[in-house]
Amino acid sequence: MLQPALFLDRDGVVNVDSGYVHRKEDFVFIEGIFSLAKTAREAGYLVIIITNQAGIGRGHYTEVQFHMLMRWVKEQFRKNGADLDAVYYCPDHPEHGIGEYKRDTTMRKPGPGMLLQAAREHGINLPGSIMIGDSYNDMTAGEAAGIGRLFYFGRKTCPQRARKISNLRDVELYFQRHLP
């Protein structure tokens, strides 16, 4: 049986986006992220981060540094009672990537590649899933993958198919109102 997932963009949804965040000293969690993840897990959802990491491709930090940070992030979620099930990332950039990282790929949002890979690897019901992102690329990727509910946590005009939220509590309330 397929299971739904709560897909989270990282920079701007899980943490404050201060530009190429790659050290725990610079990682500031968005208010409400742990409570939301805990509520999602209690509702039977997997919790998965889906993130473009062009900072790797541009040479600002390494994949090793990214993995070290994400191990720490996973530990913070666990300490707050909200385990992460997986983290998917794409280090590539079609224009500004360096060396092997300079390529166009459907793994990079707005492509749906990371979402589709997560669905295959974890047995995810994409139409029954939720995605929270702060960019059009996030919403486009979610729509292309067939995610059922898209929540836009961005500053610009909300994409047509998404529901604009002003804080993560809005999605937590959605879980409480709409799910058994």
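**Pockets and buried helix residues in a predicted model**

The lining of the largest pocket comprises three nonpolar, seven polar and seven charged residues, where Ala, Val, Leu, Ile, Met, Phe, Trp, Tyr, Cys and Pro count as nonpolar, Asp, Glu, Lys and Arg as charged, and the others, Gly among them, as polar. The model is predicted, and local features need pLDDT of at least 70, side-chain atom pairs count only at pLDDT 80 or more, and totals for chains, interfaces and linings use all residues. Residues are numbered from 1 along each chain as its sequence is written, and side-chain values use heavy atoms, with hydrogens and water left out.

The largest pocket holds about 380 Å³ of space, and of the 17 residues that line this pocket, the closest to its centre are Asp9, Asp11, Asp17, Asn52 and Arg108. A pocket here is an open set of points on a 1 Å grid over the protein atoms alone, where a 1.4 Å probe fits, with protein on both sides within 12 Å along at least five of seven lines, and lining residues have an atom within 4 Å of a point; a volume is the space filled by probe spheres set on the points.

Gln76 lies in helix α3 (residues 63-79), helices being DSSP runs of H or I with at least four residues, numbered from the N terminus. Gln76 counts as buried because its relative accessibility is 15%, buried meaning under 20% relative accessible area with a 1.4 Å probe and protein chains only. Leaving aside residues up to four places away in sequence, Gln76 touches Phe29 and Phe34, contact meaning heavy atoms within 4.5 Å.

Definitions and conventions:
Helices (H or I, at least four residues) and strands (E, at least two) are DSSP runs, numbered from the N terminus. Buried means under 20% relative accessible area, exposed over 50%, partly exposed in between (1.4 Å probe, protein chains only).
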